[in-house]
Amino acid sequence: MNSATLSAISRIVGGDNLLTSEEDKIVYSYDGTPLLQQKPEAVVFPENPTQISALFKLAKEDGFKIVPRGSGTGLSGGSIPVENSIALVMTRWNKILEVDELNLTATVEPGVVTSQLHKEVEKRGLFYPPDPGSMNICTLGGNVAENAGGLRGLKYGVTKDYVLGLELVLPDGEILSIGGKNFKDVAGYSIKDIFIGSEGTLGIITKIQFKLIPKPTSAVTLLAFFDSVPQAGEAVAEIIAAKITPCMLEFLDNTTLRCVEDYTKLGLPTDKEAVLLIEVDGRGSSVMEDANQVEQILMKNGGQYISKSEDPAESLRLKSARRTAFSALARQRPTTILEDATVPRSKLPEMLEKIQYAAKKYDLIIGNFGHAGDGNLHPTCLTDERDHKEIERVHKAFDYIFEQAVALGGTITGEHGTGLAKKQFFEKIASRPALHVMNSLKLVLDPDNILNPGKIFTFKPKCESLIYGRQR
């Protein structure tokens, strides 16, 4: 990037909002995804939508790319810069603009940290359910871009279920406002849903309106241990079959359990092969009735050392066994590769066996935890990126895991996104019509491929797209 372009960027955003030192470029050259890194040409902190619009127009004229970024907690390489790009950092857009208690909505800027919104609305007896594992660090704009999930997804759904409206800057510089406080609105196409989960490839989010719900008045948390993974899997299946919908139904295997105990010193029995964390919430006496039924199902399927608590402090302690899983695993070896794959809930026991088989076949340490209630697992490989032979085995193991997930009717990602890390695999399993539709959307909204290029799938320019769409 030449000095004239950098000077033009500085004029748009101001010199204090432009970083060009090598140290700053390194800081923004990676995100939470291991093994991926690329320095941007500059780091830019825009202050308003008009500046972002001007940056898009300059990018088209001068031929550089723009890669949006929140806190950099992503696990699929979605915010990794590309060649000849600027990192557009949105973390300073961190205001909760409104909590509307009459309409049960919140309007926020994209740089608000997720847990900050939780705390603000819960003061008022309201509830924003999505709770990604990185909720104390990740930003709401990133949550929308990745359609983030969380531990409460089984009962309450994921980010897209709470987005009512968006303000975005499109790659042509136009500012688009869609949706609003209406809970029912079917006028025209549901355009906002195109942008949710688009991983920053179609527009820059500058404002979000979220739906809120009343906060549950009570919750009961249970923690149970099993001698075998199949026992835990059967318990999960029976809880779902009993028509109980916990807000959390989480799984940890023995590798993860041992790491968590080493990290937290909670007094967990590390000789057990599996752990289930369940939380039932709601209003009235039905909460304890459901919790008692869950406890009976756990015992019936071999659950041991069952803890059950209504006390918020004790519940938080029990939940720390799951919330610290990634941190606990990451302490063991220099490189931690956290993945996610999802299968239909009925296929969960088979998928758990496939992951165990992959660890043995490729001689790897793979801890496994995740959202058992919705079939979303997080096989996590503990490795060392300096050991190239071991990394080759890691890639083979995850190829096998993803292939098996798809064979069981599942998918290669339930909540982390495709980004760069899974792009190659996605292009193998996605149907040609699906790829054509996505390419067509990108072509209409970003024909010059300025915004976060190379993520999710390989973009085909117009002349290639015509041929691409006709091939069968």
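Arg386 is exposed, with a relative accessible area of 62%. Its salt-bridge partner is Asp384, and the N to O distance is 2.9 Å. Asp384 is buried, at a relative accessible area of 12%. These values come from a predicted model.

Why do such pairs form? Side chains of opposite charge can pair when their charged atoms come close. A search of the whole structure finds 26 salt bridges.

| Pair | N to O distance |
|---|---|
| Lys181 and Asp100 | 2.9 Å |
| Arg386 and Asp384 | 2.9 Å |
| Glu390 and Arg393 | 3.6 Å |

Take Lys181 and Asp100, joined by a salt bridge. This pair links distant parts of the chain, 81 residues apart. Lys181 sits in the loop between strand 9 (175–179) and helix 7 (192–195). Asp100 belongs to strand 5 (residues 96–100). Is Asp100 buried or exposed? Asp100 is buried, because its relative accessible area of 9% is under 20%. Lys181 is partly exposed, with a value of 28%.

Glu390 and Arg393 also form a salt bridge. Both residues lie in helix 14 (residues 388–407). They are 3 residues apart, about one turn of the helix. Glu390 is buried, with a relative accessible area of 8%. Arg393 is partly exposed, at 26%.

Salt bridges can also join up. Which residues are linked in a network of salt bridges? The members are Glu101, Glu120, Lys123 and Arg124.

Technical notes:
Residues are numbered from 1 along each chain as its sequence is written. This is a predicted model: local features need pLDDT of at least 70, side-chain atom pairs count only at pLDDT 80 or more; totals for chains, interfaces and linings use all residues. Side-chain values use heavy atoms; hydrogens and water are left out. A salt bridge is a side-chain nitrogen of Lys or Arg within 4 Å of a carboxyl oxygen of Asp or Glu. Helices (H or I, at least four residues) and strands (E, at least two) are DSSP runs, numbered from the N terminus. Buried means under 20% relative accessible area, exposed over 50%, partly exposed in between (1.4 Å probe, protein chains only).
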